[in-house]
Amino acid sequence: FIQMLRSAKKRDVLQLLRRAPEETRPFLVEAAVATQSVASLAALSDFLDFSQEPKSLLEKFLYTAAFSPQPSGELLHLVLDKLAGKQLAPEIWETGILAVGSLVGKLCQQKLCGLQVVERGVETLLGGLRGAKEEPEVVVSLLALGNARLPETIPTLLEHAEHGPTAVTSAATSALQRFPAPHISSKVKRVMRRIFHQKRQSYDKTCRLAAAEILLDNHPLPMDVINILLATSEMEAEVATFLVLKVQNRLRDHHHLARNIMKDIMGDPRINNYNFFSKAGISSSFSGPLTATQDLTSTFGLDLLFLEGGFLRKSISDFSLLSHGQRLRAAQVTFEAQGMESMMGENLSEGEEEPELMAGMAATFFDVQLRPVIFFQGYTDLMAKVLLSSGEPTSVVKGNLLLMDHHQVIPLQSGLQVTVRLQGGLGLDISADMDVSIWEQELKTSVSARGSFAMDFQAELDSPVLQATLRSQTEVETSIHFDTKLRFSSSPVLMCLQLREEQVPYR
């Protein structure tokens, strides 16, 4: 369909979009964005009316743009024009600003940072952050800067990480975690040390743990590793258990930057002893390989951080691809519940503010952070959701993405030339759900991910005397379901984890 659209005129594409039945329009919009021809982008510009179109179609357009493997400046221009100077629904503005961050980051990776439209995109991101009045707007603007990963925005992220309220600090540290090691400078590490060791103010435990991870994952100094381990002796059992497991995971990971440093430190019995490594919490952190070849390793990681009373504070399930020193976060889903301490009758740590009751989810796919989903905020909202729950899972992302698009002409020694075309597409349907039962004292979370990948390869030799074509088509379908169930009515807390993978047809 993309190949067909590439040769179509604007008039034809526009007619196709306007006459299509409502249920096929999302697919046509995805294809037109993926095509990125002048005609298809001009047709989309005329067709999409951000004041009238249904939210689902606008979100589809913005997410498809955000996932473009090699976006053009024209695509960013179209997104910026559609967002500029309009009264948009909050979710459309949030999705749009995250898409702008992704597009700016990818254009800069293509060495196109100097384009005027990219500079306009950066100003839109920073202007959105400066003009944000509500906390959720600040959070989304910081996550958009994480999508862009521009080194010049690091001072802004550090300022918000160190001096913001919990949600802002969490978003800023999360954005900083996405920068590659060369950009995590000594200045960044100094701020992370102040957050972890709470030098200037108190921070939420999740923010301190994120700061510790940044220190451990980016060419850490031996003293940082030692100080983090020493700090565990004064921490609550759950946080200490979680941190110690993080360090042990890095020791098992042969690709980790800090493995040798940690190995040397563990040789010292003053650090590697029962006093530090005997914390008996139920929090856990695990990561290990799913598949490994000479060029590519895919890993699955699961982090579960509990409160002292056994309630789940945060869970992160992560599927990543590692190749030649580069890491691609293929899928990461984070569930977070805060403010449950008071409901469970727990005492807060000294100096820690009582957070608002809230549960939500954040997801990252192919290194693009999606709009956070809030399940409930505040006790009244929780009770309304419990009483009026539809039982339907929340759709996180659903659609078709063009992942690979390669065209090359290869001259042969004989004087002939071969034309090679490679296209790869992904159909994705990911939903998640979180269910809190106050009466049963149970918490359930579930993530369902269904995907199908199709790749089309064609090599063509065309000359006056000889014509030959080699073609191959590959299709893979898979679905993974990850469920957690916690019952905290008794002690110890009962926990069930289930990872189900259905059979993978490969054609």
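Which domains does the domain assignment of the protein give?

1. **Domains and ground rules.** The assignment gives domain 1 (150-179 + 187-218), domain 2 (222-281), domain 3 (282-388) and domain 4 (392-506); such bounds come from an automatic or database domain assignment. The C-alpha centres of domain 2 and domain 4 lie 35 Å apart. Please keep in mind that this is a predicted model, in which local features need pLDDT of at least 70 and side-chain atom pairs count only at pLDDT 80 or more, while totals for chains, interfaces and linings use all residues. Residues are numbered from 1 along each chain as its sequence is written, and side-chain values use heavy atoms, with hydrogens and water left out.

2. **Helix α13.** Helices (H or I, at least four residues) and strands (E, at least two) are DSSP runs, numbered from the N terminus. Helix α13 covers residues 205-217, and its 13 residues reach 18 Å from the first C-alpha to the last. That is close to the expected 18 Å, the expected span being 1.5 Å times one less than the number of residues. After α13 comes His 219, with a positive phi near 45°.

3. **How enclosed is α13?** Buried means under 20% relative accessible area, exposed over 50%, and partly exposed in between (1.4 Å probe, protein chains only). Twelve of the 13 residues of α13 are buried, so the helix is largely enclosed by the rest of the structure.

4. Counting a side-chain nitrogen of Lys or Arg within 4 Å of a carboxyl oxygen of Asp or Glu, the count comes to 26 salt bridges. In one of these, the closest N and O atoms of Glu 336 and Arg 313 are 3.0 Å apart. Glu 336 lies in strand β4 (residues 326-338) and Arg 313 in strand β3 (residues 312-323), so the pair ties together parts that are 23 residues apart in sequence. Both Glu 336 and Arg 313 are buried.

5. **Pairs involving β11.** Arg 507 forms a salt bridge with Glu 477, with 2.8 Å between the closest N and O atoms. This pair links distant parts of the chain, 30 residues apart: Arg 507 is in the segment after β12 (494-501), and Glu 477 is in strand β11 (residues 467-487). Arg 507 is partly exposed, at 47% relative accessible area, and Glu 477 is partly exposed at 34%. Arg 500 and Asp 483 form another salt bridge, their closest N and O atoms being 3.0 Å apart. Arg 500 lies in β12 and Asp 483 in β11, so parts 17 residues apart in sequence are tied together. Arg 500 counts as partly exposed at 36%, whereas Asp 483 counts as buried at 18%.

6. Salt bridges that share partners join Glu 213, Asp 217, Lys 246, Arg 250 and Asp 303 into one network.

7. **Strand β9 and its partners.** Strand β9 (residues 417-437) has 15 of its 21 residues buried, so it is largely enclosed by the rest of the structure. Two strands pair if DSSP finds at least two bridges between them. Strand β8 (residues 394-411) and β9 pair in the antiparallel sense over 16 bridges, with Gln 417 in β9 as the bridge partner of Pro 411. β8 and β9 form a hairpin with five residues between them, and Gly 415 in the turn has a positive phi of about 100°. β9 also pairs with strand β10 (residues 442-462), in the antiparallel sense over 20 bridges. There, Ser 431 stands opposite Ser 448 in β10.
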